[in-house]
Structure formats: structure tokens, C-alpha cells
Amino acid sequence: MHPDHRALVFGPEGVLWDANDGGVWSSADAGLHWTNHNATLGVTQFYTVALDPADGTVLLGGTQDNGTIGTDTGTAWTQLITGDGGPCFF
């Protein structure tokens, strides 16, 4: 789980939900074990995004705590650099 927590709330039946810079997680045992709910989520906080001027399908994005990521399909992103992403350009 990501260390930067944005929200912790108890839901139905005492399930603890955590929203963080790495997505959404839940725990049914007060935080002893966590379930990752991010397999189908595309969530991140972008600082900047850059479009390749030679190929409009290629994007780079600098993200909050999740590195610099890139895509050439618009659906699948690959992490290129870890840590905080920053300004991106081609």
C-alpha cells in the first residue's frame, strides 16, 4: 500500500477503506491485512502531461509520488521513473 494516505473511513460491516496516492484499499480486520482494489482503476494525480509532437498517440505524465509514466495507446501506462514525477517534454 502507498504511504501517502488521503482518506480512511469505516464502511458497512466495519470494513476500513483507505484512499491513497496508490489507489483504493480495504481491510476487514482493522488493518492487519489489506485488499488491493486497483486492478481495473486508472487513478493518479498528474503534475504535468506532454504530448509527443511527432506522434499524437504518445503521452508522458509526471505524477504525484508515482513517477513519470508513459503510454502510446491511451489505455495502458508504463512507469518509466519512480518517485515524484515532474515536468515532462519531448
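Here is a short chat about two side-chain pairs in a predicted model.

Visitor: Hi! How many aromatic pairs does a search of the whole structure find?
Guide: Hello! In this predicted model, the search turns up one aromatic pair. Its rings belong to Phe 46 and Trp 77, with centres 5.6 Å apart.

Visitor: And why is the pair called tilted?
Guide: The planes of Phe 46 and Trp 77 sit at 55 degrees. Stacked needs under 30 degrees and edge-to-face needs over 60, so the rest count as tilted.

Visitor: Where in the chain do Phe 46 and Trp 77 lie?
Guide: Phe 46 is in strand β5, residues 46–51, while Trp 77 is in the loop between β7 (68–71) and β8 (78–81). They are 31 residues apart, and the pair links distant parts of the chain.

Visitor: What about accessibility for Phe 46?
Guide: Phe 46 is partly exposed, at 33% relative accessible area. Trp 77 is partly exposed too, at 35%.

Visitor: Switching to charges: how many salt bridges does the search find?
Guide: One salt bridge comes up in the whole structure. Asp 21 pairs with Arg 6, and their closest N and O atoms are 2.8 Å apart.

Visitor: Which parts does that pair tie together?
Guide: Arg 6 belongs to strand β1 (residues 5–10), and Asp 21 to the loop between β2 (16–20) and β3 (23–27), so the bridge ties together parts 15 residues apart in sequence.

Visitor: Is Asp 21 buried or exposed?
Guide: Asp 21 is buried, with a relative accessible area of 10%.

Technical notes. Residues numbered from 1 in each chain as written. Predicted model: local features only at pLDDT ≥ 70, side-chain atom pairs only at ≥ 80, totals over all residues. Heavy atoms only, no water. Phe/Tyr/Trp six-rings, centres within 6.5 Å; stacked < 30°, edge-to-face > 60°. Helix = DSSP H or I, 4+ residues; strand = E, 2+ residues; numbered from the N terminus. Buried < 20%, exposed > 50% of the residue type's maximum accessible area, 1.4 Å probe, protein only. Salt bridge = Lys/Arg side-chain N within 4 Å of Asp/Glu carboxyl O.
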